[in-house]
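I opened the notebook to record what I looked up in this structure. The entries follow in the order I made them.

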Amino acid sequence: MIYVVGSYNTDYIIRVEEFPAVGETIFAKEIIVSHGGKGSNQAVSAARLGSKVRLIAAVGNDERGREALKFWKEEGVDTSGVKIKNTYTGSAYILVNRRGETMIVVNRGANYELNEDDVELDDGILLTQMEIRENVVKKALQRFEGIKILNPAPANISDYSILNYVDILTPNEIEFKELTSADDIEYGLNILLKKVKMAVIVTLGERGALIATKDKRVLISTPKVKAIDTTGAGDVFNAALAHSLEKGEDLESAVEFANIIASYSVTKIGAIGPKWEEVREFVEKEKRKEKDRRGEEERRN
């Protein structure tokens, strides 16, 4: 079982040609309303790949909260850990330009009302992020007995002792710099590896993902695709990583799989990953290409 402790937002995706400059007014090409929030994105993305997933989150006592509950049930996500709070459901306002780049503003709403007593966990894989209260994230990490993944997004951590309870930390490049204040990646990795128990995985967009453990560094490449919308790519990566680890894959294989799923996701609109039936052929093709590439390297050596 994968337990996802995190947020839900209604996403308002605003497609534009270019981001506005300060004080500039521009016109939207399209506005799309969809389900989002890092917790929800990760839970649904993992469920779509075939994992059993329980979401621990909070929604408001409003129509958007009721729509979220209906959506999760349709996607096969266990909602027994979702709490309904007497407030409004969270929302996110996402600008997407013609290159697929994003700018995001979040209004947390009910996400900020999720508290430590709302979190009930068993064992398996825990996946959590930082769009809910930091003390709730810390308590979940402390209580959980299985593999614990923290996606530090956004990376506004005030109590760095939280990292002592993390097995796998998955920042992107911006979050990595915010966490370490380091321009030198090796120096920053050493800082984080003194706290994190197993590994730091830095996601590098189209360059892949860097796995760092106390013993080695491994760069895992990612398929080359034409990005249409990078919204939620990190969420899809983390969901696929948790899914693969829950299936018993080693870390390098899990990251390779996560890269493939995330790269496919940016070729589509939206922040949620593909269903397994949709992506199976793409995964098999990319794994064959990677196997052939490694075989060629071995022959050369």
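I call a residue buried under 20% relative accessible area, exposed over 50%, and partly exposed in between (1.4 Å probe, protein chains only). I take helices (H or I, at least four residues) and strands (E, at least two) as DSSP runs, numbered from the N terminus. This is a predicted model, so I keep local features only at pLDDT of at least 70 and side-chain atom pairs only at pLDDT 80 or more, while totals for chains, interfaces and linings use all residues. Residues are numbered from 1 along each chain as its sequence is written, and side-chain values use heavy atoms, with hydrogens and water left out.

**Entry: helix α1**

I started with α1, residues 38-48. Of its 11 residues, 10 are buried, and the helix is mostly covered. I listed the buried ones: Lys38, Gly39, Ser40, Asn41, Gln42, Ala43, Val44, Ser45, Ala46 and Ala47. What do they pack against? I count a contact when heavy atoms are within 4.5 Å. The partners are the strands β1 (2-5), β3 (30-36), β4 (53-60) and β8 (125-128), plus the helices α2 (63-75) and α6 (233-246). Just after α1, I noted Gly50 with a positive phi of about 115°.

**Entry: nonpolar cores**

I define a nonpolar core as a set of buried Ala, Val, Leu, Ile, Met, Phe, Trp, Tyr and Cys residues joined through side-chain atoms within 4.5 Å. In soluble globular proteins, nonpolar side chains tend to be buried together. The largest core here has 48 residues, and Trp72, Ile201, Leu241, Leu251 and Val255 touch the most other members. Helix α7 (residues 251-265) gives the most to this core, with 9 residues. Apart from it lies another core of 33 residues, including Tyr3, Leu141, Phe176 and Leu193.

I then followed Ile201. Leaving aside neighbours within four places in sequence, Ile201 contacts Ile168, Leu169, Thr170, Pro171, Ala209, Leu210, Ile211, Phe237, Leu241, Leu251 and Val255.

**Entry: two single residues**

Is Thr213 buried or exposed? Thr213 sits in the loop between β12 (209-212) and β13 (217-220). Its relative accessibility is 18%, so Thr213 counts as buried. Not counting residues up to four places away in sequence, Thr213 touches Leu193, Met198 and Ala199.

Val106 lies in strand β7. Val106 counts as partly exposed because its relative accessibility is 35%. I found contacts from Val106 to Asn9, Ser91, Ala92 and Glu131, again not counting residues up to four places away in sequence. I also checked Val106 against Leu210: they are 104 residues apart along the chain, and their C-alpha atoms are separated by 28 Å.

**Entry: largest pocket**

I worked on a 1 Å grid over the protein atoms alone; a pocket is an open set of points where a 1.4 Å probe fits, with protein on both sides within 12 Å along at least five of seven lines, and lining residues have an atom within 4 Å of a point. Points are joined across faces, edges and corners, and a volume is the space filled by probe spheres set on them. The largest pocket has a volume of about 1,400 Å³. Its lining holds 49 residues, of which Thr102, Asn172, Thr230, Ala233 and Gly234 lie nearest the centre. α6 gives the most to this lining, with 5 residues. β2 (9-15), α1, β6 (91-96), β7 (102-107), α4 (173-180), α6 and α7 each supply at least two.

I sorted the lining by type. Ala, Val, Leu, Ile, Met, Phe, Trp, Tyr, Cys and Pro count as nonpolar, Asp, Glu, Lys and Arg as charged, and the others, Gly among them, as polar. The lining divides into 18 nonpolar, 19 polar and 12 charged residues.

**Entry: salt bridges**

I count a salt bridge when a side-chain nitrogen of Lys or Arg is within 4 Å of a carboxyl oxygen of Asp or Glu. The structure holds 16 of them.

Arg99 pairs with Glu18, the closest N and O atoms being 2.9 Å apart. Arg99 lies in the loop between β6 and β7 and Glu18 in the loop between β2 and β3, so the pair ties together parts 81 residues apart in sequence.

Arg54 forms a salt bridge with Asp78, also with closest N and O atoms 2.9 Å apart. Arg54 is in strand β4 and Asp78 in strand β5 (residues 78-85), so this pair ties together parts 24 residues apart in sequence.

Lys138 bridges to Asp159, with closest N and O atoms 2.7 Å apart. Lys138 is in helix α3 (residues 134-143) and Asp159 in the loop between β9 (147-150) and β10 (168-169), 21 residues apart.
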